[in-house]
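Dear colleague,

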Amino acid sequence: MQTIFKQALYVAVLGTLAGAIAPAVASSHREAPFVTQSPKVDATDFYMFRSYESGRANFVTLIADYVPLQDAYGGPNYFAMDPNALYEIHIDNNGDAKEDLTFQFRFTNTNKDTKLSVGGKDVSIPLVINGGAIAGVNAPGANVRETYTVNVVRGDRRTGTKAAVTNVAGGATFDKPLDNIGNKSIPNYAAYAAAHVYNVNIPGCSTPARLFVGQRKDPFVVNLGETFDLVNIKAPATEFSAGAEKGAKDDLATKNVTAIELEVAASCLTASTGGDPVIGGWTTASVRQGRLLNPTPNSSSPSKEGGAWTQVSRLGAPLVNEVVIGLKDKDTFNASKPGGDGQFATYVTNPTLPALIEILYGKAGAKAPTNFPRNDLVAAFLTGVKGLNQPTTVTASEMLRLNTSTPAVAAGAQKRLGVIDGDNAGFPNGRRPGDDVVDIALRVVMGKLCTLNLGCAPADAAAGGLHFTDGAYLDDSFFNASFPYLKTPIAGSPQM
């Protein structure tokens, strides 16, 4: 079979989709038209995996990343979370497409209003630090303090039973570290951030959990600029040539995100009855229905928010809203709940992405699978794969599903292609930071599961065995081997 240029594969997946489907980039950076107007509530990635830190085998780590494409030098205000938003992580532990457990995060930003005496007058400073180096939690040198609270809701996220998550050391309010301004302002950012990892008590769970919220190095990798410039990739690697999977640059290499992270005992996430080890998870962000702008604003009252919570961002499995959902329904998907996903079923059973790839590059061997409906993709996106991560009873709905009985694989031994390369602890059985979901998703939509006789037969997918790749490489070596796993964020000013 004729080899397929990596550039062709990548434009089919992302570059062409920019015009044919959406102005989106993997994973979920600016994935829907409306949420581009509100980056503080734009979920970029969601992870859910068995903790692979030594001694934490009985825990599950949940990571919801928000605020995409953060430039490390983005002062003077940097990237605080929205105090008028509600950020949530949801768990469905009985397969009915409804949340059974929700962790709710609310943020408060306090301006300490540090003043300097200038010519006999006390004048407010314009910066988030007041001249002293930052080393500890709520340090004197910080002019801004960002705190947050966490509630756990059992049952419906709006009407269920709510209780506060508390610090083992006392209190129910937690500090979020300042963003990584630079090495002069925060000389040891790794140690500073580590001081914001909390041991917490979750009501209804007898085992303490761990909690961290703060800026991290963006864990996703993707070649953006050259892709959208008509796939102007300088290194013409082919699908089969050495180095193809590392042939493109990562345009997120210097970007940060804000991570909301919880590490919870698996037994506290699974259903208390029935014994099903499979859980589903997703993250959402909501804002109030109404916003009245203050014509004479100040730092404490630029607007007045009111009305019911309205969901504006949703993310479970990666890439779904980017390359599966049609442009006209992207905002609808972000506002929807898993229980209503029947309205999007055709996008999965009759997907456009493989058809676009075949239209553009079928002569080079990129033939779309021929099995309709695409039951292999229904399993991957909507039900979980039977025998891997499908609940005992399941309502078809989009979310990330994890079989908590599958043992974790230690850092260094993980396979970046997860399940399709024989590592059942990886995507789509949950998602670890080191799972290369772009390469996995490319191969799955083009029929890789058919070659494994999962929902279709090998004859249904002529290109199912091809090594599709986006050329931006990712594996577990890009991450830490312990909580909070994601790397220290890029510093705004690396010089001392």
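**Salt bridges and burial**

Arg158 is partly exposed, with a relative accessible area of 35% (buried means under 20% relative accessible area, exposed over 50%, and partly exposed in between, with a 1.4 Å probe and protein chains only). This is a predicted model, in which local features need pLDDT of at least 70 and side-chain atom pairs count only at pLDDT 80 or more, while totals for chains, interfaces and linings use all residues. Residues are numbered from 1 along each chain as its sequence is written, and side-chain values use heavy atoms, with hydrogens and water left out.

The side chain of Arg158 meets that of Glu88 in a salt bridge, at 2.9 Å from N to O (a salt bridge being a side-chain nitrogen of Lys or Arg within 4 Å of a carboxyl oxygen of Asp or Glu). Glu88, for its part, is buried, with a relative accessible area of 1%.

A second pair is formed by Arg416 and Asp439, whose closest N and O atoms are 3.2 Å apart. Arg416 is buried at 9% relative accessible area, and Asp439 counts as buried at 0%. Both residues also belong to a network of salt bridges that links Glu245, Arg416, Asp436, Asp439 and Arg443.

Arg432 and Asp423 form a further salt bridge, with 2.8 Å between the closest N and O atoms; Arg432 is buried at 2% relative accessible area, and Asp423 counts as buried at 5%. Over the whole structure, the search finds 23 salt bridges.
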